[in-house]
Amino acid sequence: DPAYQGVGASADGPFPLVMVSHGWGAHAWTMMYLGTRLASHGLVVALVYHYGDAFWRWEKFDNVGIALINRPLDVSFALTKLLERNVTEGEVIHNLIDPDRIAASGHSFGGYVAAALAGGDDLACDTAIEAGLDVPPESCVPVPTDPRIRAIVPLDGAHHFLRFNEMARITVPTMGIGEEWDAIPALGLPESWQARLHAASQGHPSYRVDISGTDHLSFSNMCEALPILVSHSVYPSFFLPYLQQRYCA
């Protein structure tokens with residue numbers, strides 16, 4: 001979808017706001033397809049960029065434990081700034097956001113972020129340690145909820161970083177969208193990966209949507225972007241066939 005800089009905001013607001021968190025090792029623009037489409041249906045969309053994902057070669061790659069802490073904080077920080085601009089005269093988004101209608105969404109690790117903001121994470125490091133990942137001790141702290149989030153829509157979310165009882169604290173409307181259950185083991189994860197959120201969430205309504213013929217990257221712009229990134233030498237050319245065959249068939 002085409003995007004334009006400096007377009008005037010609609011006078012029909014205020015509108016709901018959706019905070020979108022991209023996948024781990026990706027970039028905010030990998031969710032552009034979702035942002036432009038939701039905006040065309042009358043929502044304000046913030047595609048939050050998480051520093052420390054090493055998408056660009058000059059950027060460091062944060063440890064998974066650090067990402068589990070920082071990413072929800074990134075979204076809450078960005079939300080605070082947006083709401084400040086929403087009440088500031090002269091801002092392009094002035095009076096555009098309805099602060100009582102804010103949702104969180106995200107792909108993969110971003111799906112964890114959405115769920116953690118709604119239900120919290122008692123100890124960010126615990127499930128990562130159990131999975132055999134090497135995480136620093138400073139990541140063994142709780143991840144707080146953000147009560148401004150009134151609904152969540154994770155996209156093939158990394159819910160394995162949350163315990164069932166933590167997701168059971170989610171009371172906001174929930175829609176988990178992802179692959180069909182029998183496609184998930186290709187990620188090295190159990191078939192219940194998506195089902196756990198739907199079973200645990202106490203939100204009303206709570207939906208689970210399995211989309212046939214999809215894989216993990218189907219919920220981002222990565223497959224469309226890979227050839228472009230290779231052509232501009234961001235990724236080495238030998239990387240492309242492997243990624244396309246595994247994730248973009």
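**Exercise 1.** How many salt bridges does a search of the whole structure find?

*Solution.* A salt bridge is defined as a side-chain nitrogen of Lys or Arg within 4 Å of a carboxyl oxygen of Asp or Glu. With this criterion, the search finds 11 salt bridges. The model is predicted: local features need pLDDT of at least 70, side-chain atom pairs count only at pLDDT 80 or more, and totals for chains, interfaces and linings use all residues. Residues are numbered from 1 along each chain as its sequence is written, and side-chain values use heavy atoms, leaving out hydrogens and water.

**Exercise 2.** Locate the salt bridge of Glu-84 with Lys-81.

*Solution.* The closest N and O atoms of the pair are 3.7 Å apart. Both residues belong to helix α2 (residues 64-86), 3 residues apart, about one turn of the helix. Helices are DSSP runs (H or I, at least four residues), as are strands (E, at least two), numbered from the N terminus.

**Exercise 3.** Are Arg-163 and Asp-126 buried or partly exposed, and which parts does their salt bridge tie together?

*Solution.* The N to O distance between the side chains of Arg-163 and Asp-126 is 3.1 Å. Arg-163 lies in the loop between β4 (151-155) and α5 (164-167), and Asp-126 in helix α4 (residues 126-130), so the pair ties together parts that are 37 residues apart in sequence. Buried means under 20% relative accessible area, exposed over 50%, and partly exposed in between (1.4 Å probe, protein chains only). Arg-163, at 28%, is therefore partly exposed, whereas Asp-126, at 12%, is buried.
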